[in-house]
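These are my notebook entries on a single protein chain. I set down what I looked up, entry by entry.

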Amino acid sequence: MKFGAALFASLAVGASAFSPASTGIVGTTTLSASKADLVTIAEKSNPKLGFYDPMNLADANFWDTGNEATIGFLRQSEIKHGRIAMFAFVGYIVQSNFVLPWSQTMAGAAHPSADLSPEAQWDAVPVGAKWQIFAVISMLELWDECGGGGAMPHYMAGRQPGKYPPFVLFRDNVHYVLDLYDPFGFNKKMNDETKERRLISELNNGRLAMMGIFGFLCADTIPGSVPALAKIAIPYAGEVMKPFEGQFSYFS
């Protein structure tokens with residue numbers, strides 16, 4: 001029952017949720033440096049809703065960097081969080097039903113049981129493994145912020161939002177590693193129309209995934225808050241916003 005409902009829910013994001021990141025797009029979606037560009041993208045991604053900005057963020061000037069840089073920051077943030085949410089949404093469904101068959105640790109400990117909720121599974125992960133995960137995330141964030149060691153400008157200074165820098169500098173000087181986007185070069189000849197369509201798909205799928213993963217979290221932590229998930233939700237009494245709960249704290 002849980003698997004069937006979760007599988008059905010996953011189709012809402014579907015395979016297109018992991019369509020290649022839209023890089024090199026030309027025209028109005030290369031770098032949305034103005035509110036007008038945001039309006040154009042909004043109308044393409046959701047013609048019925050259109051441009052929706054109740055907090056007037058598109059007119060803001062973060063850290064006195066200018067409106068164009070602010071829009072670059074906002075677009076980068078949305079695309080990045082959308083991608084992470086897609087991973088989280090699909091990951092939640094997978095680990096609710098399957099766990100890897102091999103040991104999780106060098107000591108031979110198994111992965112947390114699929115009978116546990118994903119939140120409880122995370123709590124059961126050894127603190128050392130959690131630090132490894134956060135270390136990799138931090139390194140990827142740093143590489144993004146520095147534009148791949150100068151290979152690209154910052155996303156607030158002209159880089160296309162969502163375009164992750166290649167690992168050329170690291171690959172040439174430290175160790176061979178594949179790029180995150182299109183590591184085998186399959187999409188180098190993709191036409192602009194396809195890139196444009198995939199950008200809109202990625203934005204929409206990311207937004208849907210953000211709502212989806214928080215729907216799962218709310219259903220597990222606030223009984224009855226998401227009626228559609230009431231039959232598959234596994235109650236969780238922990239704090240989902242404390243990734244090291246009971247293991248590490250700066251205040252203890």
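The entries below run from the whole chain to its spaces and then to single residues.

**Entry 1. Ground rules.** I am working with a predicted model, in which local features need pLDDT of at least 70 and side-chain atom pairs count only at pLDDT 80 or more, while totals for chains, interfaces and linings use all residues. I number residues from 1 along each chain as its sequence is written, and side-chain values use heavy atoms, with hydrogens and water left out.

**Entry 2. The chain as a whole.** I looked up the secondary structure and found 8 helices and 0 strands. Helices (H or I, at least four residues) and strands (E, at least two) are DSSP runs, numbered from the N terminus. Along the sequence I read the pattern α-α-α-α-α-α-α-α.

I then turned to burial and surface. Of the 252 residues in the chain, 34% are buried; buried means under 20% relative accessible area, exposed over 50%, and partly exposed in between, with a 1.4 Å probe and protein chains only. The accessible surface of the chain is about 15,100 Å², and carbon and sulfur atoms account for 66% of that surface. Such areas come from the Shrake-Rupley method with a 1.4 Å probe; for residues, only the protein chains shown count as cover.

For contacts (heavy atoms within 4.5 Å), I considered residues at least 6 apart in sequence: 59% of these contacts join residues at least 24 apart.

Entry 3. Rolling a probe the size of a water molecule over the atoms shows where empty space is left. On a 1 Å grid over the protein atoms alone, a cavity is a set of points where a 1.4 Å probe fits but cannot get out, whereas a pocket is an open set with protein on both sides within 12 Å along at least five of seven lines; lining residues have an atom within 4 Å of a point. Grid points are joined across faces, edges and corners, and a volume is the space filled by probe spheres set on the points.

I noted a volume of about 750 Å³ for the second largest pocket. Its lining has 21 residues, and those closest to the centre are Phe51, Tyr52, Asp53, Glu78 and Arg207. Helices α2 (35-45), α3 (67-95) and α8 (192-221) each contribute at least two residues to this lining. Sorted by class, the lining of this pocket holds 12 nonpolar, 5 polar and 4 charged residues. In this sorting Ala, Val, Leu, Ile, Met, Phe, Trp, Tyr, Cys and Pro count as nonpolar, Asp, Glu, Lys and Arg as charged, and the others, Gly among them, as polar.

**Entry 4. The second largest cavity.** My search of the whole structure gave 2 cavities of 30 Å³ or more. The second largest cavity has a volume of about 40 Å³. Around this cavity I listed Glu78, Ile79, Gly82, Arg83, Met86, Glu202, Leu203, Gly206 and Arg207. Helices α3 and α8 are the elements that give two or more residues to this lining. The largest share, 5 residues, comes from α3. By class I recorded 3 nonpolar, 2 polar and 4 charged residues in the cavity lining.

**Entry 5. Aromatic rings.** Rings of Phe, Tyr and Trp (its six-membered ring) pair if their centres lie within 6.5 Å; planes under 30 degrees apart count as stacked, over 60 as edge-to-face and the rest as tilted. I found 12 aromatic pairs in the whole structure. Phe62 and Trp63 have ring centres 5.4 Å apart and planes at 70 degrees, so this pair is edge-to-face. Phe62 is partly exposed at 22% relative accessible area, and Trp63 is exposed at 60%. Elsewhere I noted one aromatic cluster formed by Trp122, Trp131, Phe134 and Phe244.

**Entry 6. Positive phi.** Most residues other than glycine have a negative phi. I found that Asn56 has a positive phi, near 55 degrees, and that Asp64 has a positive phi near 55 degrees. Asn56 sits in the loop between α2 and α3 and is partly exposed at 47% relative accessibility. Asp64 also belongs to the loop between α2 and α3 and is exposed at 71%.

Entry 7. Asp220 lies in helix α8 and is buried at 2% relative accessibility. Glu68, in helix α3, is exposed at 52%. From Glu68 to Lys35 I recorded 8.7 Å, C-alpha to C-alpha, across 33 residues of sequence.
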